[in-house]
Amino acid sequence: MVSINKKPFWISSKYLSDNRGALNKFLDLKKIQKLKFKVIEAQISEYNKNVFRGFYAQVGKYKESKLIQILEGSVIWFVIDLKKNKNFGKVSIYKLKKNKTLFVPKDYAHGSFALKKSKVLILANNSYNNKFHIGINFRDINIFKQIKKYLKKKIIISKWHQSFDPLKK
């Protein structure tokens, strides 16, 4: 059973495997309807080992919720609460799992770190718009102290991600 929640949560999927391979029914229409989630964009993100991406969020009329499913490899997913309340800036940490889909509602920023070469499926319920995009620097003092134990000594991060500003309330 899926409940509507304002915090990120796992959705269990049906994962079957045998000597022929595996089948992962990671979503069905009933679950999507309960979430009031309509897929607008779908991406497959490919990672090399030790790649860090993020943190990003869409704001204003382009806020989006996401469904995130690991396809192969191993990825840690970070979400930062952007709601203006006592949890503002709190980071929740999820290791993506083959038999679970991570639902992240709007009002959260995302970042991810690949523990090995990986692929992730990301479904979004709104269109990306660069004018409504914000980036948050992973080295922000309050964020970094929450995530540093999950990052390897040598991370690979783009110059663009490094140029993001710290989190502002």
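A residue is called buried when its relative accessible area is under 20%, exposed when over 50%, and partly exposed in between (1.4 Å probe, protein chains only). With that in hand, let's look at the aromatic rings of this predicted model. Residues are numbered from 1 along each chain as its sequence is written, and side-chain values use heavy atoms, without hydrogens or water. Local features need pLDDT of at least 70, side-chain atom pairs count only at pLDDT 80 or more, and totals for chains, interfaces and linings use all residues.

**Ring pairs**
- There are 13 aromatic pairs here; rings of Phe, Tyr and Trp (its six-membered ring) pair if their centres lie within 6.5 Å, and planes under 30 degrees apart count as stacked, over 60 as edge-to-face and the rest as tilted.
- Phe52 and Phe138 make a tilted pair, with 5.0 Å between centres and 35° between planes.
- Phe52 sits in strand 5 (residues 52-58) and Phe138 in the loop between strand 12 (133-135) and helix 2 (141-147), so this pair ties together parts 86 residues apart in sequence; helices (H or I, at least four residues) and strands (E, at least two) are DSSP runs, numbered from the N terminus.
- Both Phe52 and Phe138 are buried.

**A second link**
- Tyr56 and Trp160 are tilted too, because their ring centres are 6.1 Å apart and their planes at 40°.
- Tyr56 in strand 5 and Trp160 in helix 3 (residues 159-162) are 104 residues apart.
- Tyr56 is partly exposed at 24% relative accessibility, and Trp160 is partly exposed at 44%.

**A cluster**
- Ring pairs join Phe52, Phe55, Phe78, Phe138, Phe144 and Tyr150 into a cluster.
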